[in-house]
Amino acid sequence: QTGPVIDMPVPASFNDITQDPNLENYIGWVWYEKEVLLPQRWLQDNLRVVLRFGSAHYYSVVWVNGVQVVEHEGGHLPFEADISSIVQSSPQIPCRITVALNNTLTPHTLPPGSIEYMNDRTRYPKNYFVQNIRFDFFNYAGIHRPVVLYTTPSVYIDDITVTTTSTESVAKVQYQVSVVGSTFYSLSLSLRDQEGRVVATGDGPVGVLKVSNPNLWWPYLMHENPGYRYFLEVKMQAQANEALLEDLYTLPVGIRTVHVTSTQFLINGKPFYFHGVNKHEDADIRGKGLDWALIVKDFNLLRWLGANSFRTSHYPYAEEIMDLCDAYGIVVIDECPGVGIKMPESFGNKSLQHHLVVMEELIRRDKNRPSVVMWSVANEPAAELPPAAYYFKTLIAHTKALDPTRPVTFVTDTNYAVDRGAPYVDVICVNSYFSWYHDPGHLEVIPLQLTAQFENWYKTYQKPIIQSEYGADSVPGLHSDPPLMFSEEYQKAMLREYHSVFDKKRKEYVIGELIWNFADFMTNQGTTRVLGNKKGIFTRQRQPKSAAFVLRERYWKIANESSCLPPIMKSHILFL
């Protein structure tokens with residue numbers, strides 16, 4: 001112990017747990033430590049003991065009983081270590097897990113940042129520095145997701161990749177299974193429906209399962225039974241040290257296809273319109289720490305709102321959240337932590353190599369999720385800079401090579417005429433805040449400027465467009481008529497101006513609208529932020545502002561108009 005020690009809950013951000021302002025804004029190394037007793041049966045031969053972290057921000061070094069077992073760079077994604085040899089060599093002592101965590105951001109991390117030293121001794125204390133960031137949410141840090149110990153046999157199922165195709169009468173589930181620990185093993189597979197009935201079987205590491213009259217995975221409000229999943233049971237048997245080893249893994253599988261045309265986004269061959277939100281993993285006290293009660297509340301609000309989709313702005317969300325998206329039929333644009341890529345040095349080879357690894361980790365984690373229909377490799381980068389062309393060409397090509405089944409995008413706020421990354425995306429995702437950051441207070445400019453935005457982008461690229469961000473801050477309970485900025489009335493008025501243009505352009509090539517933001521969230525302190533960003537349609541405590549009812553009326557109207565909804569669902573909607 002080289003410094004003060006306090007109790008710290010996991011999962012949670014450490015920033016808001018205490019009354020210490022130095023911890024609130026702390027940059028640098030923190031240490032976590034915990035001792036656990038492992039069951040004796042975990043310490044036998046032919047058993048593998050694994051330590052897994054759901055995520056930790058941002059650079060992690062982990063020791064077990066004083067032995068370093070893993071390092072990991074980057075937050076928001078899982079990492080793990082095989083600790084079998086360490087714990088099995090000392091079966092009588094507790095397993096001591098030590099984690100050193102550093103939340104410093106540099107030009108080459110994701111997200112990027114920079115450390116600025118204030119050397120004017122007449123204005124700042126000695127060694128005073130600040131962490132500069134180019135993104136508008138609080139830089140929470142800590143062990144944000146569950147830490148678990150689990151076991152497998154010494155020969156085990158390491159990875160499964162599933163892709164699906166379908167016609168009206170038959171679906172094909174292509175699978176590839178990776179086994180580690182031996183080359184002598186057998187694999188048997190069973191695909192079960194939601195009632196537990198076996199609908200297809202197979203064997204071997206690579207193959208195709210055929211399903212007759214399949215139940216497809218449909219988005220919420222696009223079908224009376226959204227989020228239908230089969231369950232692929234993979235059973236491995238192997239001989240090792242004269243023992244029969246078995247490993248069993250069950251993978252949820254949604255049968256669905258995704259296709260993009262010049263004007264449409266098709267799910268299972270039918271046009272899909274994104275009417276959804278952008279979110280954050282953000283809440284009082286726990287910061288970005290996993291909170292099941294909050295997660296379930298958010299999904300209830302999404303379905304109350306009539307939202308069928310969201311973007312994981314601006315980083316991958318917890319696996320627990322993604323599981324519910326699969327189960328509920330909520331469509332996801334899965335975004336990596338590539339936010340705030342503004343500095344020229346963040347487009348160099350060092351940054352690019354790390355970005356490629358992050359996409360590999362993200363796709364390995366989420367590749368089998370039916371809810372994930374598109375990858376987003378960045379948010380609002382400085383795409384006008386010359387090195388952005390090679391950077392995004394390489395990054396998007398790498399992403400497509402890892403997963404050829406999904407379209408790839410990044411979210412831009414760069415002018416259409418100078419965006420060097422846009423030629424490589426499949427869908428144009430554009431952020432704009434007319435009458436807020438541009439021409440603040442002038443709602444009357446929105447129809448002209450938003451229409452021009454859409455027409456310029458489509459004329460240049462002939463690709464479908466999503467309005468990936470739009471919105472206005474509103475302070476709950478602040479009212480003004482006529483509408484003035486920061487009032488609830490102004491937020492409503494801005495939304496309605498945008499919606500009138502959306503309704504015209506969605507008949508042509510606009511395929512979605514995602515409000516910024518689902519809920520208010522914390523940011524760094526600044527003269528334009530009053531305890532955070534107030535663009536939520538819900539407060540940080542998940543209470544609705546007036547704009548939430550505007551959006552709810554609109555989203556249910558869009559769903560009701562959809563030709564994909566069966567009559568029984570339309571009748572339900574009329575009574576909401």
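How many Å separate the centres of domain 1 and domain 2? The centres of domain 1 and domain 2, taken over C-alpha atoms, are 34 Å apart. The domain assignment of the protein gives domain 1 as 12–152, domain 2 as 156–253 and domain 3 as 267–562. These bounds come from an automatic or database domain assignment.

This is a predicted model, in which local features need pLDDT of at least 70, side-chain atom pairs count only at pLDDT 80 or more, and totals for chains, interfaces and linings use all residues. Residues are numbered from 1 along each chain as its sequence is written, and side-chain values use heavy atoms, with hydrogens and water left out.

## Helix α3

Helix α3 spans residues 292–305, 14 residues in all. Helices (H or I, at least four residues) and strands (E, at least two) are DSSP runs, numbered from the N terminus. From first C-alpha to last, α3 reaches 20 Å, close to the 20 Å expected at 1.5 Å a residue. The expected span is 1.5 Å times one less than the number of residues.

The buried residues of α3 are Ile 295, Asp 298, Phe 299, Leu 301, Leu 302 and Leu 305. Seen down the axis of α3, they fall within an arc of 160 degrees, so they line one face of the helix. The arc is that of the directions from the helix axis to the C-beta atoms. Buried means under 20% relative accessible area, exposed over 50%, and partly exposed in between (1.4 Å probe, protein chains only).

The cover over these buried residues includes β20 (274–278), β21 (309–311), α4 (319–328) and α9 (546–561). Contact here means heavy atoms within 4.5 Å.

Asp 291 caps the N-terminal end of α3, with a side-chain oxygen 3.1 Å from the backbone nitrogen of Ala 293. After the helix comes Gly 306, with a positive phi near 85 degrees.

Arg 542 sits in the loop between β27 (510–515) and α9. Its side chain makes a polar contact of 2.8 Å with the side chain of Asp 298. A polar contact is a pair of N or O atoms within 3.5 Å; within protein, one must be able to donate a hydrogen and the other to accept it, and residues adjacent in sequence count only if both atoms are side-chain atoms. A polar side-chain atom of Arg 542 also lies 2.9 Å from the backbone oxygen of Arg 540. Not counting residues up to four places away in sequence, Arg 542 touches residues including Leu 294, Lys 297, Asp 298 and Leu 301.

Ser 309 lies in strand β21. Its side chain joins that of Asn 308 in a polar contact of 2.8 Å. Beyond four places in sequence, Ser 309 touches residues including Phe 274, Val 277, Ile 330 and Leu 514.

Ile 285 is found in the loop between β20 and α3. Beyond four places in sequence, Ile 285 touches Ser 13, Asp 16 and Ile 17. Ile 285 and Ile 6 are 279 residues apart in sequence and 16 Å apart in space, C-alpha to C-alpha.

| Residue | Relative accessible area | State |
|---|---|---|
| Ser 309 | 1% | buried |
| Arg 542 | 4% | buried |
| Ile 285 | 56% | exposed |
| Cys 95 | 2% | buried |
| Cys 429 | 2% | buried |

## Cysteines

The structure holds 0 disulfides. A disulfide is counted as a pair of cysteine sulfur atoms within 2.5 Å. The closest cysteine sulfur to that of Cys 429 is in Cys 336, 13 Å away and too far for a bond.
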